[in-house]
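Let's take a friendly walk through a protein model. Please have a look at the sequence and structure here before reading on.

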Amino acid sequence: MTFPDTSFQIGTIAISPPLVMAPLHEITDQPFRRMIREVGGVGLTVSEMISSEALIRHAFKAERMMASEGERPYAMQLSGSDPDHLAEAARMAEAAGADIVDLNMGCPASNVTKGGAGSALLRDIRLAEACVSAIVKAVRVPVSVKMRAGWDASQKERSEYLDFLKMFENAGIQALAIHPRTRAQQYTGHADWSLIEKAVEAGMAYPIIGNGDVQTAEDAHRMVRETGCHGVMIGRAALTNPWIFRQVIEPGFEVTEAQRIDLCARFFRLLMDMLDEREAVHKIKKIGGWFTKGIRNGAHFRQRLNQIHDASELIRELELLKQL
Ligand SMILES: Cc1cc2nc3c(=O)[nH]c(=O)nc-3n(C[C@H](O)[C@H](O)[C@H](O)COP(=O)(O)O)c2cc1C
């Protein structure tokens, strides 16, 4: 069997199809993940990054951590740099029903890295090891890590990420997602897929999930061909094209304009079911318009979207868009 008919395992959990919706802060919350699951083709969804500190202070609402309906398997992603706090947060994640606990070692945002979390953990392999080991010891569910290529170009050139791969294996992680940009690159330049290939060649006991710059279904196929990775994680492309996962597994799958408008309406209903109206309107203004990219009158709709204040206005705009 060849990709995408294969699956891979994270511990005892089969990821099938071998496609992962990337964690996106303030985007991959429960309504978004439910919408992506309804569209289909995804083998694993991941929460947005949840600060372990916020979680254990109960500053993050526990019910928001849960898997949404039909969402299994589901990984919860934690950020932090204090091993004890991460262990406590991981226990909370497991108790809330996470199938997998993931540790963020990639976030480049300075408000995260200044506390030593996210990609800053790539500068301190001892601390990173203590964090990963603490989580692995704290929970029974499998633990995964999502990392970048390193802090900066010089660290990448020294291939220090390979030391991390070995350390992760010894610490007992069960999967690794790698976004091969350095922290210094943020989102500029290109994801260097040769690092994904090297990670696969390193022959670790856990699967490697490739990530970065998959913009089309064909890119996902190419990533597997070029790197041999076991799974593909897609982030930004799924925002304008939530059907990308379906297109990977069903070549030729096309999306109509009506489906794009209907998805926007369906997503809004999910937002209204799970959030209060103010939050739902805020989210649809931020995210909903992306699904209408490329359709006739889509640009006009997105302009109107910026001006709406409540649910009834949004529903009216969607009706108008359908009639045009
Ligand atoms: C708006 C935004 C939010 C993100 N939030 C997270 C996050 O919470 N946790 C994480 O590990 N990565 C996060 N990332 C990184 C993505 O998961 C992914 O690694 C990156 O976008 C590269 O994949 P892509 O080219 O398919 O988008 C975020 C990226 C973006 C653009």
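Pro4 is found in the segment before β1 (8–10); helices (H or I, at least four residues) and strands (E, at least two) are DSSP runs, numbered from the N terminus. The peptide bond leading from Phe3 to Pro4 is cis, with omega near 5°. Another cis peptide bond runs from Arg72 to Pro73, with omega near -5°. Pro73 sits in the loop between α2 (52–56) and β6 (74–79).

Glu26 belongs to the loop between β3 (19–21) and α1. Its phi is near 65°, a positive value in a residue other than glycine. For background, most residues other than glycine have a negative phi, and most peptide bonds are trans.

## About the model

Residues are numbered from 1 along each chain as its sequence is written. This is a predicted model, in which local features need pLDDT of at least 70, side-chain atom pairs count only at pLDDT 80 or more, and totals for chains, interfaces and linings use all residues.

## Two domains

The domain assignment gives domain 1 (8–249) and domain 2 (257–323); such bounds come from an automatic or database domain assignment. The C-alpha centres of domain 1 and domain 2 lie 29 Å apart. Eight residues from domain 1 and 11 residues from domain 2 take part in the contact, where two residues count as touching if their C-beta atoms, placed from the backbone, lie within 7 Å.

Which helices supply at least two residues each of the side of domain 1 that touches domain 2? They are α1 (30–39) and α10 (237–240). The largest share, four residues, comes from α1. By class, this side of domain 1 has five nonpolar, two polar and one charged residues. Here Ala, Val, Leu, Ile, Met, Phe, Trp, Tyr, Cys and Pro count as nonpolar, Asp, Glu, Lys and Arg as charged, and the others, Gly among them, as polar.

## A pair of helices

Helix α12 (residues 257–274) packs against helix α13 (residues 277–287) at an angle of about 150°, with axes 8 Å apart. Axes are lines fitted to C-alpha atoms, for helices over the stretch in contact, and angles run from 0 to 180 degrees between N-to-C directions. The two helices, α12 and α13, are therefore roughly antiparallel (under 35 degrees counts as roughly parallel, over 145 as roughly antiparallel, 65 to 115 as roughly perpendicular and the rest as oblique).

## Around the ligand

Among the 21 residues around the ligand, Ala22, His25, Met49, Gly235 and Arg236 come nearest; a residue is near if its C-beta atom, placed from the backbone, lies within 6 Å of the molecule. The shell has nine nonpolar, eight polar and four charged residues.
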